Amino acid sequence: MSLLLSFYRIIKFTIQNFFRNFWLSFVTITIFILTLITINAVIFMNMVAGAALQSVEEKVEVSVYFTPEASEELVKSAQGYLLGFDQVRDAVFVSGEDALELFTERHQDDSIILGALEEVGDNPFGHAIVIASHSPDDFAFILEAIETPEYAPFIKKKDYTDHEAVIENIESLNDRIRIGGIVLAIFFTIVAVMIIFNAIRVAIYVHRDEIGIMKLVGANDWFVRGPFLLEAILYSLFAVVVVGVAVFVILGFIDPWISSYFGEVQVDARVYFVQNGLLIFGAQFIILSFLSLLTTLFAMRRYLRV
Amino acid sequence: MIRLKNVTKTYKPKVHALRDVSLHVKPGEFISIVGRSGSGKTTLVKMLFAEESPTRGKVVIGDWDISGIRRADIPGLRRQIGVVYQDFKLLPRKTVHENVAFALEVAGERTGRIKKIVPQVLKIVGLANKTDRYPRQLSGGEQQRVSIARALVHRPKIIIADEPTGNLDTIHSHEILQLLKQINEFGTTVVLVTHDRDIVNALKKRVITIHEGEIVSDVKHGKYVLS
């Protein structure tokens, strides 16, 4: 038999079966949709938690204060030196004058502090560098790196120790959320796989007599399997498309709410799903189709032995 | 056309469905295989289209020894034999036309030819005006006629009818019998499995009686001899 003709007939039977057995198709797709919604909810939660943490991490900065003796050239050279490291996201030079201005502004209502400052006379602040890293883990390395013989004698204070506890807390929270996310994703994936297996097995069980009849009439195994396999892919496609549209619609509604909930922290779920949508939903389609095909093949095996 | 040589079928643990059965059916013959329930007659015909395989012995269809037929060759065998079942075995989600066409589609017949042949066969079985109905919308007799049309459509040399009137009333049973006789008159070998005394006696054709897995009588113009 011409392969093309067989393929055409398999496609014809797939479409016929899909619509003539509308309620079974509807129920199977609905089960797929509910499963995918659960998976996407886990992806969404991981993404929000990750974005929130990243945003907090980005706000962590460590300052290196230099003695008043350190010249502007020396501190700026230290700034350039720091910017040469991959771990350093940014290093901003703050002059002694700017530091004094900032300090005065911050304590403008505190007459005691301002009085003490006046007592000192000269500007007691030296120049400083405010460092931002890609990850809080990097601070230990960066602050050690700056301790070169050239700069070390002029370093008055590094406020890493003040932030150390906060940074450690963030790191630990980050790790826990990531592990929690992975555990949750694995759990829901196992549940999803079981649900998909069951939905397909039920769909095949309903058609077990038809499978036997087709074989008795002279159909070969692949001619019988074909429409069921294509139907499984069709179910997966419908489910992923519906969930994809639903995710964007839902995000459209809840995005403003998320933004206001997280305040300054930038959590743009919609942008995340737009940027990664092809990968997220493409992967879901491929995995869902693969699982459905595998289950279909497995579930049909016994009914094909006619 | 059909040759069985010392065929034995044993199901586990030790149930002998057929014991050392030998049989020869010539081309164009009409034979009835009769026997009580559980006598082995259905097992015997199932071997003719490879739904069962013999534990021992040989089953030959035409020149093809199908005793140890490979799984991949079974569809080819079934496309050469038409089978009519007691429970019709129609595809519930396909119309009358589609059910009959399916037997040709699996064999890779061209669409144009299918469109030409199927209405002709449906006309022969008297269902030309019900081609778009689904099996659930037909009576038992009509469903059996669809089943016969499907068995006929690829012009097989052998038609096997396994209790085709088992689910039908007397009038419909005789209609089906007439159809099988007509098919036989065109030269097709017909193997009828039945326990219907009236049908066997009305046929006046060769009758093979099976009892406890053995052929106990084989008469050319026989009658139903079991009590």
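How close do the axes of α5(B) and helix α6 (residues 170-185) of chain B come, and at what angle do they cross? Before selecting them, note that this is a predicted model, in which local features need pLDDT of at least 70, side-chain atom pairs count only at pLDDT 80 or more, and totals for chains, interfaces and linings use all residues. Residues are numbered from 1 along each chain as its sequence is written, while chains are lettered from A and ligands numbered from 1 in the order in which they are written.

**First stop: α5(B) and α6(B)**

Select these two helices (helices being DSSP runs of H or I of at least four residues, numbered from the N terminus): their axes come within 10 Å and cross at roughly 15 degrees. Axes here are lines fitted to C-alpha atoms over the stretch in contact, with angles running from 0 to 180 degrees between N-to-C directions. Because angles under 35 degrees count as roughly parallel, α5(B) and α6(B) are roughly parallel to each other. Now show G140(B), G141(B), Q144(B), I148(B) and L152(B) of α5(B), which meet H172(B), E175(B), I176(B), L179(B) and I183(B) of α6(B); two residues are in contact if their C-beta atoms, placed from the backbone, lie within 7 Å. The residues of this contact divide into 5 nonpolar, 4 polar and 1 charged, where Ala, Val, Leu, Ile, Met, Phe, Trp, Tyr, Cys and Pro count as nonpolar, Asp, Glu, Lys and Arg as charged, and the others, Gly among them, as polar.

**Second stop: where the chains touch**

Colour by chain next, and look for the 17 residues of chain A that are in contact with 15 residues of chain B. On the side of chain A, α1 (3-20) and α8 (208-217) each supply at least two residues, and the largest share, 5 residues, comes from α1(A).

Then select α8(A), whose buried residues (20 or more other C-beta atoms within 10 Å of their own) are I211(A), I213(A), M214(A), K215(A) and V217(A). What covers them includes α9 and α10 (269-301) of chain A, together with α2 (74-78), α3 (96-105) and α5 (140-152) of chain B. Following α8(A) is G218(A), with a positive phi near 115 degrees.

**Last stop: α2(A) and α9(A)**

Finally, select residues 22-59 and 221-262 of chain A, helices α2 and α9, which pack at an angle of about 35 degrees with their axes 9 Å apart. Among the residues making this contact are F32(A) and L36(A) of α2(A) and F238(A) and V242(A) of α9(A), and the contact as a whole divides into 16 nonpolar, 4 polar and no charged residues.

How values were computed:
A residue is buried if 20 or more other C-beta atoms lie within 10 Å of its own, exposed if 12 or fewer, and partly exposed in between; C-beta atoms are placed from the backbone. Angles under 35 degrees count as roughly parallel, over 145 as roughly antiparallel, 65 to 115 as roughly perpendicular and the rest as oblique.
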